[in-house]
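This report goes through one protein model, feature by feature. Please keep the sequence and the structure at hand while reading.

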Amino acid sequence: MRLNRKTHILGKTSVNDFLKNYWQKKPLLIKNAIPNFVSPITESDLFIIAQNEEAVSRLIEHKQGIWQVKYGPFKKSDLPKKTNIPWTILVQNINHYFPFAESFLNLFKFIPYARLDDLMISYATKKGSVGPHFDSYDVFLFQAQGTREWKISDQKKFTLDKKSSIKIITNFKSKNSWVLKPGDMLYLPPNIGHWGISQSDDCVTYSIGFRAPGTFEIQSKFLDFIQDHLITNENEIYKDPNLTPQKNPAEISSNMTKEMRNIVDRLRWDKSSINHFIGQLLSEPIENSIFETRKPLSLKAFEKSIVHKTLRLNSKTRMLFIKNNFYINGEFIKIDKKYTSFLKQLANDREISLESTLNKRDLNALGIALLPLYVAGFIDFIQ
Ligand SMILES: [Mn+2]
């Protein structure tokens, strides 16, 4: 199964219509989002990834009325047999393991990368489910193999099951239900109750998940950022050469509070430092991402590779930009404005072929900016 970069995945709905009427607003069912879809990733691929130390995976079973969850990594023997009671395994960040999964995520480029999280894939035996629940984030549920019934509710208030360790709605009332076949897709905005139940023993569902930073997270991380970027002289201390006698030695005088308030008021930040913070925050890679560093390489050898090979972002790399400032995995890239068009292309397409379009000086400037990113394992070459 090969994907065309330009495949439109929203069926009869245009991107404009989707963003205006559905995104963060209401569910949308898209029959045949990709006609004749055959999943190149199957349950056996998931079982292999789930054995990996780095992978994030969960196994969910519904036993004696209680929803139970186990966390990976899993040994092969940890996985129940298909003939057991129904079960589901979910594996996150599949786009870090399979180029196909990364290109699949690319079909959702109509939403900014800064909002895109990962491709999670789940496999379920017949009747397998993770129960009725809601999520705080937007999600596209793409049926890749087998069939799954999705029930959704229009309830505003849910009661949750206290016995289960995962979030389960106990008063779920179904408003709509659909059976999704391979190639069908359901979009759900945040907080919509939904319940997916596998109808076959080969049910594979792709979840395209989005992320949105919390207000508290933004504010508290901004305070950390300000702390790290203080430009105050560390040796400067409070002074009171005009101290006058005071009646109560335990009292903090109004002169003292005024002077200290002035010091606090001297903390300043402007639009550009806030933007710098946003670029760094949103380009942070997912937690616990490990990038394999490379042996240092001479600039000359690196420049030679730039000319002959296609440069691409590591599948775990997040590269974003604000105007002419570029951020990669939480770091600011220092580069002359002259070269931003190259970096824009690399960030947007996640790959770039520079070939013979560059003169010596430009190649040198790009080499200097990109070599540290290559050594850090953030970017590599397509062989
Ligand atoms: Mn869900």
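## A cis peptide bond and positive phi angles

Pro-73 sits in the loop between strand 3 (66–71) and strand 4. The peptide bond that leads from Gly-72 to Pro-73 is cis, and its omega is near 5°. Like everything described here, this belongs to a predicted model.

Lys-323 is not a glycine, yet its phi is positive, about 50°. Lys-323 is placed in the loop between strand 13 and strand 14, and with a relative accessible area of 68% it is exposed. Asn-329, also not a glycine, has a positive phi of about 45°. Asn-329 belongs to the loop between strand 14 and strand 15. Is Asn-329 buried or exposed? Its relative accessible area is 7%, and Asn-329 is therefore buried, the limit for that class being under 20%.

## The manganese site

Which residues are the protein donors of the manganese ion? They are His-133 and His-194, each through NE2, and Asp-135 through OD. These donors lie 2.2 to 2.3 Å from the ion. Along the sequence the donor residues follow the spacing H-x1-D-x58-H. Distant parts of the chain are linked in this way: His-133 is in the loop between strand 5 (116–124) and strand 6 (139–145), while His-194 is in strand 10 (residues 194–198), 61 residues apart.

Both histidines can also be described by their accessibility. His-133 is buried, with a relative accessible area of 11%. His-194 is buried as well, at 4% relative accessibility.

## Strand 5 and its neighbours

Strand 5 is largely enclosed by the rest of the structure, because 8 of its 9 residues are buried. Strand 4 (residues 87–91) runs antiparallel to strand 5, and 4 bridges join the two. Within this pairing, Val-91 has Ile-121 of strand 5 as its bridge partner.

Strand 11 (residues 203–210) is also antiparallel to strand 5, and here the number of bridges is 8. Met-120 stands opposite Ser-207 of strand 11.

## Nonpolar cores

The largest nonpolar core has 44 residues, and those that touch the most other members are Phe-104, Tyr-206 and Ile-208. Several elements each supply at least two residues of this core, among them strand 4, strand 5, strand 11 and helix 3 (99–105). In soluble globular proteins, nonpolar side chains tend to be buried together.

## Helix 8

Helix 8 (residues 340–349) has Thr-340, Phe-342, Leu-343, Leu-346 and Ala-347 as buried residues. Why are they on the same side of helix 8? They cover an arc of only 155° around the axis, and so they share one side.

The buried residues of helix 8 pack against several elements, including strand 12, strand 13, strand 14 (325–328) and helix 9 (360–375). After helix 8 comes Arg-350, with a positive phi near 65°.

## Salt bridges

How many salt bridges does the structure hold? There are 13. One of them joins the side chains of Glu-54 and Lys-316, with 3.3 Å from N to O. Glu-54 is in the loop between helix 2 (43–49) and strand 2 (57–63) and Lys-316 in the loop between strand 12 (310–313) and strand 13 (319–322), so this pair ties together parts 262 residues apart in sequence. Glu-54 is partly exposed, at 39% relative accessible area, whereas Lys-316 is buried, at 18%.

Glu-61 and Lys-63 form another salt bridge, in which the closest N and O atoms are 3.7 Å apart. Glu-61 is buried, with a relative accessible area of 5%, and Lys-63 is partly exposed, with 27%. A network of salt bridges links Glu-61, Lys-63 and Lys-70. Arg-294 and Asp-380 also meet through their side chains in a salt bridge, at 3.9 Å from N to O. Arg-294 lies in the loop between helix 6 (271–282) and helix 7 (299–308) and Asp-380 in strand 17 (residues 379–382), so the pair connects parts that are 86 residues apart in sequence. Here Arg-294 is partly exposed, at 26% relative accessibility, and Asp-380 is buried, at 14% relative accessible area.

Key. Residues numbered from 1 in each chain as written. Predicted model: local features only at pLDDT ≥ 70, side-chain atom pairs only at ≥ 80, totals over all residues. Heavy atoms only, no water. Donors = N, O, S within 2.8 Å, 3.2 Å for Na, K, Ca; no water. Helix = DSSP H or I, 4+ residues; strand = E, 2+ residues; numbered from the N terminus. Buried < 20%, exposed > 50% of the residue type's maximum accessible area, 1.4 Å probe, protein only. Salt bridge = Lys/Arg side-chain N within 4 Å of Asp/Glu carboxyl O. Pairing = 2+ DSSP bridges. Core = buried A, V, L, I, M, F, W, Y, C linked by side-chain atoms within 4.5 Å. Arc of directions from axis to C-beta. Contact = heavy atoms within 4.5 Å.
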